Amino acid sequence: MIRRPDFVSCYNTGRRYFSKNFILFVLFRPSGEPGWRMGMAVTRKTGPAVTRNRIKRVIREFFRLNQHEICGSLDIAVVPKRSMDPDRVNLKSVSQELLPLLRTICENSTPKSGSEAS
């Protein structure tokens, strides 16, 4: 996600998934569009530029290492919570928080069969 309209549609029409330190806004795109896209909104309230950039690097690395866990055509907007302690953010803690969320998202993205009305 690069442009503001992508983020706005993700915020307005996407599902929200919560962890201790992050909120993930997930928008399921039509299956004709390949792949997934990820964007971050790390505001100044999180801390100075050095801290914000470090958080973004860790989140980017998490998604790079776990891209095989993401299924379907998704837009994912990652937003750190205000209560997050930026000094304690590392790859291990982010993985422990976001990996279960990715699995839940993947379970929710698969279409349910059987009870659909024609």
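With 118 residues, the chain would have a radius of gyration near 13 Å as a compact globule, and its 15 Å agrees with that. Please keep in mind that this is a predicted model. Along the principal axes, the C-alpha trace spans about 55 × 30 × 25 Å.

**Fold**
- Three helices and four strands make up the secondary structure of the chain.
- Their order along the sequence is α-β-β-β-α-β-α.
- Of the contacts between residues at least 6 apart in sequence, 77% join residues at least 24 apart.

**Burial and surface**
- Buried residues account for 40% of the 118 in the chain.

**Cysteines**
- The count comes to one disulfide, which joins Cys 71 to Cys 106 with an S to S distance of 1.9 Å.
- This link of Cys 71 and Cys 106 is right-handed, with 140° about the S-S bond.
- Cys 71 sits in the loop between helix H2 (49–65) and strand E4 (74–80), while Cys 106 belongs to helix H3 (residues 91–109), so the pair ties together parts that are 35 residues apart in sequence.
- Both partners are partly exposed: Cys 71 has a relative accessible area of 22%, and Cys 106 has 23%.
- Cys 10 is in no disulfide, and the nearest cysteine sulfur, that of Cys 71, is 15 Å away.
- Cys 10 is buried, with a relative accessible area of 0%.

Terms used:
Residues numbered from 1 in each chain as written. Predicted model: local features only at pLDDT ≥ 70, side-chain atom pairs only at ≥ 80, totals over all residues. Heavy atoms only, no water. Helix = DSSP H or I, 4+ residues; strand = E, 2+ residues; numbered from the N terminus. Rg over C-alpha atoms; globule rule 2.2 N^0.38 Å. Buried < 20%, exposed > 50% of the residue type's maximum accessible area, 1.4 Å probe, protein only. Contact = heavy atoms within 4.5 Å. Disulfide = S-S within 2.5 Å.
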